[in-house]
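Visitor: I am new to this structure and should like to be guided through it. May we proceed by question and answer?

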Amino acid sequence: MNNELLDNVLLTYVFYVLVATIGISLYGVIFKPHLTKKIISITIFSDSINLLAIFIGYKLYSIPPELKGMSNINEVLNRTVDPLPQALVLTAIVIGLAVTLFLIFISLQLFRLHGTLDLRKIKELRE
Amino acid sequence: MNKKLIVITSIVVFSFILAVYTNLTESLGPLGLDTRFLGKLYVYFTNHEDLRLSTASLEPVTAIVWDFRGLDTLYETTVFAMAIIAIYSLFRIDSLEEKGSLNSSFTIIPRLVTKILLPINIAIASTIAFHGSISPGGGFQAGSILAVVGVLFVVIFSYYALNAKSINPHRTLLFMSLGLIAIVVVTLIPLAFDVFFDNAYLIQNQPKLDSAFGYPKRVGGLVFGGSIGLFNIFEFIAVSFGFLTAFALLSIPEHVFKEKLRGEESLE
């Protein structure tokens, strides 16, 4: 009974921490004036959402979704974690990576043109 | 300052309310207790005895990625390729003729370690790609591991050393395109079968109830997963060369671009 309570408390704690991380990264995206910090915040934002998706599919005392070396399908079904969030997160990671790469290249071009990545200074330069 | 405070407070309050609400109402399901029914169905049908219901793979995640939700992954690959092509057009450089050598300012230790690590890295990446339908892994993961080879090479030697090995962004983009074309061909082969022989569907992997078409389940006694194995290999090629394109473009020395920008200004 004590063990179950501890599991429950820890799971809830991880869930709250993930939601808090999402909030903090949103703050970074909105308020940090430097483009690099904005990009870092965006990656933290997408990563914590991905982690949340994996966490929702997680099951305590489980095995990875893998059929190799498993003869009994019922044993796998009873013990495996949910494979669907993992597959969706894989897609999300690739698209997030493509977006991040593109953002980095645009910032690099911006740096070559203006000599800075601080949005306040770039705004001044453009006026 | 006041505006900032309001936004921070609203983010904190909103996320707290959201967390408490989802936790108390269990709208995401009970955390960590049981696998959802849909997830169990995917695991159950991944390697079903009846081939018409099976994906012929041993790895549910890869089966979902390339068979159950194959169209999703096709579009995902398209997004990735579009980003690489956009980067390539943004950083277009006409002539990259400068040839370099394998000289490095580093001592012998990092140079030797890199040379030892390169073949190991390539072997690991290939294993992950070819065993994608048996054990966790697949084309994308393997491609990202192989791309590390390029980064390591540029860091320890230089961009010109990469160039001396005849690896430049134009060439890597060509190989990425070849990988993507191969993925499209694997997708379209069932349609060709449909036109000339019997009923078949787009991205079909194993035979269905009203269609006899199926990719080979095993190759040389090893579980191959039909189209999943082919997709893994071609995605491996596309992703690794896509990443190599991006890293090669990133490592082009700054003075090349500075000269290019100056040239454009003088033209105006």
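The questions below pass from each chain to the contact between the chains.

Visitor: What kind of model is this, and which ipTM does it score?
Guide: This is a predicted model. Its pTM is 0.86. The ipTM is 0.83.

Visitor: How many of the residues of chain B score a pLDDT of at least 70?
Guide: Where pLDDT is low, predicted coordinates should not be read in detail. Chain B averages a pLDDT of 84. The share of its residues that score at least 70 is 93%.

Visitor: How many of the residues of chain A count as buried?
Guide: A residue is buried if 20 or more other C-beta atoms lie within 10 Å of its own. Of the 127 residues of chain A, the share that counts as buried is 20%.

Visitor: Are α2(A) and α4(A) roughly parallel or roughly antiparallel?
Guide: Two packed helices are described by the angle between their axes and the distance between the axes. The axes of α2(A) and α4(A) come within 10 Å and cross at roughly 175 degrees. Angles over 145 degrees count as roughly antiparallel. The two helices are therefore roughly antiparallel.

Visitor: How many charged residues are in the contact of α2(A) with α4(A)?
Guide: From α2(A) the contact takes residues including L35(A), I39(A) and I54(A), and from α4(A) residues including V89(A), I93(A) and L103(A). By class, 12 residues of this contact are nonpolar and 8 are polar. As for charged residues, there are no charged ones.

Visitor: Is Y61(A) buried or exposed?
Guide: Y61(A) is found in the loop between α2 and α3 of chain A. Its phi is positive, about 50 degrees, although Y61(A) is not a glycine. Y61(A) has 7 C-beta neighbours inside 10 Å, and a residue with 12 or fewer is exposed. Y61(A) therefore counts as exposed.

Visitor: In which order do the elements of chain B run?
Guide: Chain B has 10 helices and 2 strands. From the N terminus on, the elements run α-α-α-α-α-α-α-α-β-β-α-α.

Visitor: What is the radius of gyration of chain B?
Guide: The C-alpha atoms of chain B fill a box of roughly 65 × 65 × 45 Å along the principal axes. The globule rule gives 18 Å for 268 residues, and chain B is well over this, so it is more spread out than a compact globule. The radius of gyration is 24 Å.

Visitor: Is A56(B) buried or exposed?
Guide: A56(B) lies in the loop between α2 (37–46) and α3 (60–68) of chain B. A56(B) is not a glycine, yet its phi is positive, about 60 degrees. With 25 C-beta neighbours inside 10 Å, A56(B) therefore counts as buried.

Visitor: Which element supplies the largest share of the side of chain A that touches chain B?
Guide: In all, 43 residues of chain A are in contact with 48 residues of chain B. On the side of chain A, α1 (2–31), α3 (73–79) and α4 (83–114) each supply at least two residues. The residues of this side divide into 30 nonpolar, 7 polar and 6 charged. The largest share, 14 residues, comes from α4(A).

Visitor: Are α4(A) and α4(B) roughly parallel or roughly antiparallel?
Guide: The axes of α4(A) and helix α4 (residues 70–90) of chain B are 9 Å apart, and the helices pack at an angle of about 10 degrees. Among the residues that meet are F102(A) and F105(A) in α4(A), and V79(B) and F80(B) in α4(B). By class, this contact has 12 nonpolar, 3 polar and 2 charged residues. Angles under 35 degrees count as roughly parallel, and the two helices are therefore roughly parallel.

Conventions:
Residues are numbered from 1 along each chain as its sequence is written. Chains are lettered from A and ligands numbered from 1 in the order in which they are written. This is a predicted model: local features need pLDDT of at least 70, side-chain atom pairs count only at pLDDT 80 or more; totals for chains, interfaces and linings use all residues. Two residues are in contact if their C-beta atoms, placed from the backbone, lie within 7 Å. Helices (H or I, at least four residues) and strands (E, at least two) are DSSP runs, numbered from the N terminus. Ala, Val, Leu, Ile, Met, Phe, Trp, Tyr, Cys and Pro count as nonpolar, Asp, Glu, Lys and Arg as charged, and the others, Gly among them, as polar. pLDDT is the predictor's confidence in each residue, from 0 to 100. Axes are lines fitted to C-alpha atoms, for helices over the stretch in contact, and angles run from 0 to 180 degrees between N-to-C directions. Angles under 35 degrees count as roughly parallel, over 145 as roughly antiparallel, 65 to 115 as roughly perpendicular and the rest as oblique. The radius of gyration is taken over C-alpha atoms; the globule rule is 2.2 Å times the number of residues to the power 0.38.
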